[in-house]
Amino acid sequence: VSEKGLSNAEFVIATASNNIGTRYRSGGTDSSGFDCSGLMFSSFKAIDIDLPRSSSEQASVGFKIDKNCRFGG
């Protein structure tokens, strides 16, 4: 993982974490209310990554990482 990639990942995590406690709103994509995929949609948008809006579409982009995969030492 590159330094830029790590800082982007940390930024996305921080962006999503800053919204802990925001109310649930079906179809929501902003601080007035989020649904799960809406939170991911807006958190990644903060680093100029355009994810699809729905969770089913989000699941079809990117690549799979084995759940037993460990990065680093």
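**Notebook: helices α1 and α2**

I start with the result: helices α1 and α2 lie oblique to each other. The entries below say how I got there. I note that the model is predicted.

**Entry 1, overview.** I counted the elements and found three helices and two strands in the protein. Following the sequence, I wrote down the pattern α-β-β-α-α. I looked up the extent of the C-alpha trace, which spans about 40 × 25 × 20 Å along its principal axes. The protein has 73 residues, and 21% of them count as buried. I also looked up the contacts between residues at least 6 apart in sequence; 23% of these join residues at least 24 apart.

Helix α1 covers residues 3-17, which makes 15 residues. At 1.5 Å a residue I expect a span of 21 Å, and the end C-alpha atoms are 21 Å apart, so the two values agree.

Which residues of α1 are buried? I find V12, T15 and A16. Viewed down the axis of α1, the buried residues fall within an arc of 95 degrees, so they line one face of the helix. I set beside this a general point: an α-helix has 3.6 residues a turn, so residues three or four places apart point the same way. On the other side of α1 I noted E3 and I13, which are exposed.

I asked what the buried residues of α1 pack against. The partner is α2, residues 36-45. From α1, the residues V12, T15 and A16 take part, and they meet L39, M40, S43 and F44 in α2.

I left aside the neighbours of T15 within four places in sequence and found T15 in contact with S43 and A46.

Two packed helices are described by the angle between their axes and the distance between the axes. For α1 and α2 I have an angle of about 130 degrees, with the axes 9 Å apart. An angle over 145 degrees would count as roughly antiparallel and one of 65 to 115 as roughly perpendicular. The pair is therefore oblique. Last, I looked up the hand of the crossing of α1 and α2, and it is right-handed.

Note on methods. Residues are numbered from 1 along each chain as its sequence is written. This is a predicted model: local features need pLDDT of at least 70, side-chain atom pairs count only at pLDDT 80 or more; totals for chains, interfaces and linings use all residues. Side-chain values use heavy atoms; hydrogens and water are left out. Helices (H or I, at least four residues) and strands (E, at least two) are DSSP runs, numbered from the N terminus. The expected span of a helix is 1.5 Å times one less than its number of residues. Buried means under 20% relative accessible area, exposed over 50%, partly exposed in between (1.4 Å probe, protein chains only). The arc is that of the directions from the helix axis to the C-beta atoms. Contact means heavy atoms within 4.5 Å. Axes are lines fitted to C-alpha atoms, for helices over the stretch in contact, and angles run from 0 to 180 degrees between N-to-C directions. Angles under 35 degrees count as roughly parallel, over 145 as roughly antiparallel, 65 to 115 as roughly perpendicular and the rest as oblique. A crossing is left-handed if the near helix is turned anticlockwise from the far one by less than a right angle, and right-handed if clockwise.
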